[in-house]
Amino acid sequence: MSESALREQMLPIGSFGRKSSGWYGVWTLVVTEAAIFVYLLFSYFYLASQANAEWPIGGAPSLALAGPNTLILLASSAALIWAERSGARRSKRVQLLSGLALALLLGVVFVIVQLREWRGKAFSIRSGTYGSSYFVVTGFHLAHVIVGLTLLLTLFIWALRGDFDAQRHAPITIGAIYWHFVDAVWLVVFTALYLVPRLG
Amino acid sequence: MSATEENRTTRIVREGEVTIDRHLEAIWKTRPGLRGVLSSVDHKRIGIRYIVTAFVFLIAGGVEALIMRLQLAHSDLKILSPEAYNQLFTMHGFTMIFLYAGPVLSGFSNYLWPLLLGSRDMAFPRLNALSYWIFLLAGIFLYASFPLGVSPDAGWFNYPPLSGKDYNPGPNIDFYLLGLIFLGISTTVGAANFLVSLLRTRAPGMSINRLPILVWGTLTASVGNLLAVPAVTLACVLLFADRQFGTHFFDVEAHGQPLLWQHLFWMFGHPWVYAIVLPALGIVSDALPTFCRRPLVGYTPVALATVSTMIVGFGVWLHHMFATGMPVLSLAFFSAASLVITIPSAVSTFAWIATIWTGKPVLTTPFLFLSSFIILFVIGGVSGVMTGAVPLDFQLTDTYFVVAHLHYVLIGINVFPVMGGIYYWFPKMTGRMMSERLGRWNFWTMFLGFNIGFFPMHIVGLMGMPRRIYTYAPGLGWDTINLITTLGSFAFAVGILLFLINLTVSLRRGIPAGANPWDGPTLEWSVPSPVPAYNFAVIPVVASRHPLWEERLESPERSSLSRGYLLNHGRETLATTVLDAEPDLILEMPGDSYGPLALALGLGVLFVGLILHSGPWAVIGILATALAILFWLWPQRRLGQIAEPHHV
């Protein structure tokens, strides 16, 4: 670029969706958080490869709760996509609020089901390396879900105040990336902890 | 003065054409007094704070080292108990590697990035303040263990089972684990900030082939940190859980794997080594050419070498574990990968030598530090190749040879460029020159002291002296060498003292510097010294790598420095596109805020609660942190985050 680039031009101001710094920022968060799950699963498989006790304890974990719960979390992501596309981008408050509320609700259901699943386990976090790994991996994920739900609740309150319209709704775009990430991580965790043991 | 509009046509003005400076000064100035100290988000203040705090830790770690050297000056000395010695070498390592070497480079980059990139601040000014406050609090947290006599004592890489509950029941290791997790947050948000700043806040025309090498170095380090820090954070979380919640990750009796710690630690540790040297190499690549009166030879190869070093650096962690009984195939692979790193290192080395060779060197203090660094880099590199070769490593592991190697790497590649960097940019930061005369004394004392102190460690290591022993028996032939090492380390410390004297004297009585005392080529030298709060009166347009040397290099490009974008409707800077750096958006920047400090303190309460095993305090910490985040992220009209009333 040279002197010719120096021209007066119309530029948007402030926080605009994918042009906002926060949009770039949340991707750095996603990258570093994804890395922590990579290392977590590395630890899980490393311990699995070295284990001489039963791994997993009691055979592959049941899908009775975890299977439907996975679908619930995916539905939550879908609700959020709808809230953003049909609500936020078109300044439709009803769609935005109901989509956020639905995503939030489904997320809460996921947490409740997950806690129930934990209670039903015959082993604890102190039961050998498998017990420790299972609860720490799913616990890390559950902590992320709870952070994500706090985020969705905050977005809901802001949307309720009328902070967003078709031009200004970067927090929705940014928050959605985080929530979808939390859901995507669950798919990986679910595959590693629930499906992979069935392969052998 | 409404920042609530949605778009605006940018104005191009010549600096001085309209009187904007005082107006901008009022917009960007940090409030005076304590309020300003606690709430400032000015990257220049934060950068200098980072450097000063890191130097305080350097001095603390240095004093620890000197006490150890007294203990080792002769066989069978009893100055320190074994327990005190263990705490000292652990704290020395932790301090130098985590609280000095990384943060000091963050300081340089925080101060310099917006100036090098042609911007008014980093992409996330408040995050910048946050990363500093967390760094400070994490350092204080760790050092609180010292007066209590319970400092970490299992070495800076803290291997279990020694660091497990059975062998280390006190709170010592918990200080290490929590301190490192806490500090990791600082490193991570800092890295995110550098990355986004690079992607978004370059001046128009600053395409990636025009970035200063320091920017390449810090960028590479930041990406590395984002990917590597989680490994050590996780390792610390797992070990903390083992110690406090009865999990079995590293517990041998329950088939836990102590080696898992080593894997996670070095998956982080080796990229971290590059994170604390690559920006320092960047300092050399940017500052050395100024004193050779020519551009860096081989800009593109050096930039590529920087990036490729880090990429390969993710695949070499096992060379820290050669002696743990790995399969031969892994040994071969990781040894080969480690040796491959010599290629990019050699590329940079030859580029620096060629720059000096074909230039007209000016023998100033910064030049002495930067050029002597090349010698130390080569020595540290050669001993690195030796330890990277498996058979030799079996012999050298855990001897003083490794201690010599890592000190040549860390002091040679970090401290020497940092010293050169301070002499180089001190005029920019303060408006005054440092004393050349004192600088020469400073350099020669440090250089001779360092080599006298650390080179003999290679020899005593080859003679078989293990590291981390608090004393040794007479008659092993180690006494004289150790005495020389101790004398050298004290001479090195005198060099640091001379530096501090120079700093103090020059701050008051240094010769006024002017904007460009060294006749440097890059953007930071185009603004006054010290730099005004708003950095650039108008956002410049960059056309080459050397905006200030274009005429003498007779290059056809012409950057526009005094004529540029006028942004004065509040704290504003220009966002540009990722690849081509075309103007894309006007960023509304946050002003001074207590948010970062509040958030850091909330986290501090959490970590204090955890070390005290106090549930209530931990919960209070979490709630305070959450509230601080909420307050921070609350959408603001001034930042253009809220819908405008005129929209339906």
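1. A nonpolar core here is a set of buried Ala, Val, Leu, Ile, Met, Phe, Trp, Tyr and Cys residues joined through C-beta atoms within 7 Å. Keep that in mind as you look at this predicted model. The largest such core holds 244 residues, and those touching the most other members are Ile134(B), Phe182(B), Ala235(B), Leu264(B) and Phe268(B). In chain B, both domain 1 (11-35 + 525-588) and domain 2 (36-509) supply at least three residues to this core.

2. Setting aside neighbours within four places in sequence, you will find Ala235(B) in contact with Trp261(B), Leu264(B) and Phe265(B).

3. Now step back to the whole of chain B, which has 19 helices and 6 strands. Its radius of gyration is 25 Å, close to the 26 Å that the globule rule gives for 648 residues, so chain B is as compact as a globular protein of that length. The C-alpha trace spans about 80 × 65 × 50 Å along its principal axes, and 56% of the residues of chain B count as buried.

4. Next, the meeting of the two chains: 60 residues of chain B are in contact with 51 residues of chain A. On the chain B side, α7(B) gives the most, with 9 residues. That side comprises 33 nonpolar, 17 polar and 10 charged residues.

5. Strand β1 (residues 10-12) of chain A pairs with β1(B) in the antiparallel sense, over 3 bridges. Within β1(B), Thr9(B) stands opposite Met10(A).

Key: Residues are numbered from 1 along each chain as its sequence is written. Chains are lettered from A and ligands numbered from 1 in the order in which they are written. This is a predicted model: local features need pLDDT of at least 70, side-chain atom pairs count only at pLDDT 80 or more; totals for chains, interfaces and linings use all residues. A residue is buried if 20 or more other C-beta atoms lie within 10 Å of its own, exposed if 12 or fewer, and partly exposed in between; C-beta atoms are placed from the backbone. Domain bounds come from an automatic or database domain assignment. Two residues are in contact if their C-beta atoms, placed from the backbone, lie within 7 Å. Helices (H or I, at least four residues) and strands (E, at least two) are DSSP runs, numbered from the N terminus. The radius of gyration is taken over C-alpha atoms; the globule rule is 2.2 Å times the number of residues to the power 0.38. Ala, Val, Leu, Ile, Met, Phe, Trp, Tyr, Cys and Pro count as nonpolar, Asp, Glu, Lys and Arg as charged, and the others, Gly among them, as polar. Two strands pair if DSSP finds at least two bridges between them.
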